[in-house]
Amino acid sequence: MDVASYSLLFMCFLQSVRGILDPNDFLALQSIRKSLHDVPGSNFFASWDFTADPCNFAGVYCANDKVVALNLGDPRAGSPGLTGKLDQSISKLSALADLTVVPGRIYGPLPNSLSQLKNLRFLGVSRNFISGEIPAGLGQLRNIKTIDLSYNQLTGTIPASIGTLPQLTNLILCHNRLSGSVPSFASAYSLTRLELKHNTLSGSLAPYSLPPSLHHLSLSWNKLTGPMDRLLTRLNRLNYLDLSLNQFTGPIPAQIFSFPLTNLQLERNQFSGPVHPVNEVTIQTVDLSYNRLSGEVSPMLASVQNLYLNNNWFTGQVPGSFVERLLAAGIQILYLQHNFLTGIAISPTADIPVSSTLCLQYNCMVPPVQTACPFNAGRRKIRPPQQCNRR
């Protein structure tokens, strides 16, 4: 009789006498322990003595003699975490609902066997060195609510099956090396948070590819293209939107400025056309810099606390409402540099509050006030007249 068979028989005997942990779960925890180790400075596995009840181990939580939650690693801030690989035997924990791995040095691929954890509701394996592709089998976890695989070294595409998970609320895959297109999440009716920033995703998003249930959408630092206006107008529950550092094109829909957003980041794309919010904008931070936006600056934007309109094609006079808000310390940052603006009604002796920052340089006017601008604004104060004449 081999060691594994003996251990299983022994655990069955103990369970019949004491009602302790299920034998399959016991053996699974043994395999997990063999594949993982404490990084120097971590003592997480000190309590994992298999002569005692595993339900008393650090990070192991049981119910009805089954492991229902497994939190691998010391969750306290600054803990160095674990190293090794995640063992396929995790799938033997058939009642597991919560699997969390603290930041550390765990490497290798995610076990394909995770797809067998039909009760799993939370999967969090972030800030490690997980590599390989996201197992397509995760799309079989019909009860899962959160998948967080951020800050790893994952490659390949996002499986289309993940976009069909009916209970999925949070999908966090940022800071990896994922490529290909963003799959459709049109049928993920519970999805509220989608974080895909800092990957190499490409292609365009169809108008109905994201659900209106979204509250938080972050797609920055990718290679995504195409218009977004028809898609964005449907996402009227958003309170955070970051599409920066992509190659999106087309207009910015006016409706977006009426969404319950606290932060709107659309900088460094190829958005074009005028910006005409319908009502006074109450979003705290709006960054539309480094695009191809044109027309006059809307007075509806004067209520924004931190406004970045620099490096666009805006023309005309800056509305007086901006000056009023700036001098009243209602605006903290107003960046208008590198446009084609022709004037602003502010006195050269105006006393701009210390808490406020204004940059006007490199427009079609002499800046009436001398203010400190960011370093990347350059040294030239005025745009060459030949450029202004073309506008």
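Buried means a relative accessible area under 20%, exposed means over 50%, and partly exposed covers the range in between, calculated with a 1.4 Å probe on protein chains only. This is a predicted model, in which local features need pLDDT of at least 70 and side-chain atom pairs count only at pLDDT 80 or more, whereas totals for chains, interfaces and linings use all residues. Residues are numbered from 1 along each chain as its sequence is written, and side-chain values use heavy atoms, with hydrogens and water left out.

**View 1. Phe45 and Trp48 form an aromatic pair, and both of these residues are buried.** Rings of Phe, Tyr and Trp (for Trp, its six-membered ring) pair if their centres lie within 6.5 Å, and planes under 30 degrees apart count as stacked, over 60 as edge-to-face and the rest as tilted. The structure holds 9 aromatic pairs. In the pair of Phe45 and Trp48, the centres are 5.0 Å apart and the planes stand at 85 degrees, which is edge-to-face. Phe50 and Phe57 also form an edge-to-face pair, with 5.1 Å from centre to centre and 90 degrees between the planes. Phe50 is partly exposed at 22% relative accessibility, whereas Phe57 is buried at 4%. Phe26, Phe44, Phe45, Trp48, Phe50 and Phe57 form one aromatic cluster.

**View 2. Arg33 lies over the face of Phe45.** A charge sits over a ring if NZ of Lys or CZ of Arg is within 6 Å of the ring centre and within 35 degrees of the ring normal. Arg33 is placed at 4.2 Å from the ring centre of Phe45, and Arg127 lies over the face of Tyr151 at 3.8 Å from the ring centre.

**View 3. Asp25 forms a salt bridge with Lys66.** Side chains of opposite charge can pair when their charged atoms come close. A salt bridge is a side-chain nitrogen of Lys or Arg within 4 Å of a carboxyl oxygen of Asp or Glu, and by this rule the count comes to 4 salt bridges. The closest N and O atoms of Asp25 and Lys66 are 3.3 Å apart. Because Asp25 lies in helix α2 (residues 23-35) and Lys66 in strand β3 (residues 66-72), the pair ties together parts that are 41 residues apart in sequence; helices (H or I, at least four residues) and strands (E, at least two) are DSSP runs, numbered from the N terminus.

**View 4. Arg76 and Asp74 meet in a salt bridge through their side chains.** The N to O distance is 2.7 Å. Arg76 is exposed, with a relative accessible area of 61%, whereas Asp74 is buried at 17%.

**View 5. A disulfide joins Cys359 to Cys373.** A disulfide is a pair of cysteine sulfur atoms within 2.5 Å, and a search of the whole structure finds 3 disulfides. The sulfur atoms of Cys359 and Cys373 are 2.0 Å apart, and the disulfide is right-handed because the torsion about its S-S bond is about 110 degrees. Cys359 is buried at 0% relative accessibility, while Cys373 is partly exposed at 24%.

**View 6. Cys364 and Cys388 form a disulfide.** Their sulfur atoms are 2.0 Å apart, and with -95 degrees about the S-S bond this link is left-handed. Both Cys364 and Cys388 are buried.
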